[in-house]
Amino acid sequence: MLQAKILWVDDEIESLQSQKIFLENKGYEVHTLTNGFDAIEYVKENAVDVVLMDESMPGLTGLQTLARIKEVNSQIPVVLITKNETENLMDDAIGNEISDYLIKPVNPNQVWLSLKKIIDNRRLVAEKTTTAYQQQFTQLFTALNNNPDYNEWMDIYKKLVYWELEMEKSDSPEMQEILHSQKQEANTEFFKFISRNYASWIDPKNSAPIMSNNLLQYKVLPHVEKGTPTFFLLIDNLRFDQWKAIQPLFAENFRILEEETFYSILPTATQYSRNAIFSGLLPIDIEKQFPVEWKNDDEQGGKNLYEETFFKGLLKRLRKDNMKYSYTKVVNNNDALQMANNIHNMMGNDLNIIIYNFVDMLSHARTEMEVLKELAGDETSYRSITRSWFEHSPLNQALKKIADKKVNLILATDHGTVKVKTPCKVIGDKQTTTNLRYKHGRNLNYEPKEVLAFKDPRHAGLPTPNVNSSFIFAKEDGFLCYPNNYNHFVNYYRNTFQHGGVSMEEMIVPVIKMVSKVS
């Protein structure tokens, strides 16, 4: 391990020689200076891991020196050492992004602990993370092989996401690969579970998880109360791990009460899952009750133009049609800015529905644009770019505007997405749909082991677009390709994020209940 370089700045540095020797015996290289001017010049010319700095120095104070050092290199950690315990000084130090704050007199162990916390923190956290996952590995393996039910599957997926995020702290490629393999195995077993059970969930007489078609009835409308506006925010195509990436930004302004998941219906695609959410119906029933508005994949016209019409129908069936609500759909930046400017006018409604399309646009744009393939090349960077978008988005600014009012906020999505790697050949006629993770059509020819097939779409709660139509859904990380121009097609779409099929990432998605902190 490389020797860490410490710069210690104190106008009485001679009195600290014993502490300097103590740190050198612990393996640190310690350079000492007596004033802030020299410290600033030193960090311009030399690599420094941590600066230890006295606050009360003649010439430049510790805080003044801190500010100048941050101008030279904002990444250098600085530990302020002072006799002064006043709140103003502490506030100024924190405001200047101090890394630690020690009160004189300090003993050598205090200084050592502070350095260890700053310098060795990442390594220690990485080691601890690796050890903790090794202990959890067997428990997850056992859970996967104990025939989990739909609640246990949601728990398994949440744990895998937790470890995926934790492993970002680890520098062990071997453990990251083991986790990746365990997640692949989990998706293999999840596909088998869905294949066995999905058709039974469609029958209202059977026990079933919360799904797209009853999300509003059970997870949103019960929280709507007179006098407190409820905002239902649906961010299209938001996976559970992407929610975890933006969760800290929500937590700055809202108190998170419930962090749950539900199951997206199949296909895990916007025109099916989102229409099911707002209608409170399965697609087969939407087509029956709204034959003009419902559009199958092979029909002309927009597939998500009538969510508000479907929602009005749901309120009428539930005898809640006197509810005062607003409905806002954001599909571009201009819509987003208008929504942000108008959000105060929504405070008089019982329920405000906001559909926000950014993440879906990101996943599609990533497929088409080389620069986004670089920026979101893997799961970690895909989460990172989602966080960066939300942090700087008009949506975040709009939510901050209502955070100081008493409001309920429920965040959900319509489906997730999965990174596809394994091509699967499918042959169909001209009417076969072009989707990569699911297809429907007549006379489909495919390898049965590679897909979940419904010869009768009604068994999956889906309309039958044509006589003898069947639906097939890709499993795990598969994507469905035609034999024509096969190699080009495979190379173009491999390692892109797609949705419509059967995977934990697509089907097990977040629904989060929050309230403003003033509530």
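This report covers aromatic ring pairs and charges over rings in a predicted model.

## Aromatic pairs

The count of aromatic pairs comes to 30. Among them is W243 with F250, whose ring centres lie 5.5 Å apart. The planes of W243 and F250 meet at 55°.

## Placement and burial

The F250 and F390 pair links distant parts of the chain. F250 sits in helix α10, residues 240-251. F390 sits in helix α17, residues 379-391.

Buried means under 20% relative accessible area. F250 has 1%, so F250 is buried. W243 has 0% relative accessibility and therefore counts as buried. F390 is also at 0%, so F390 counts as buried.

## Charges over rings

Two lysines lie over ring faces. K26 lies over the face of W112, at 4.0 Å from the ring centre. K425 takes up such a position over Y486, with a distance of 4.7 Å to the ring centre.

Methods. Residues are numbered from 1 along each chain as its sequence is written. This is a predicted model: local features need pLDDT of at least 70, side-chain atom pairs count only at pLDDT 80 or more; totals for chains, interfaces and linings use all residues. Side-chain values use heavy atoms; hydrogens and water are left out. Rings of Phe, Tyr and Trp (its six-membered ring) pair if their centres lie within 6.5 Å; planes under 30 degrees apart count as stacked, over 60 as edge-to-face and the rest as tilted. Buried means under 20% relative accessible area, exposed over 50%, partly exposed in between (1.4 Å probe, protein chains only). Helices (H or I, at least four residues) and strands (E, at least two) are DSSP runs, numbered from the N terminus. A charge sits over a ring if NZ of Lys or CZ of Arg is within 6 Å of the ring centre and within 35 degrees of the ring normal.
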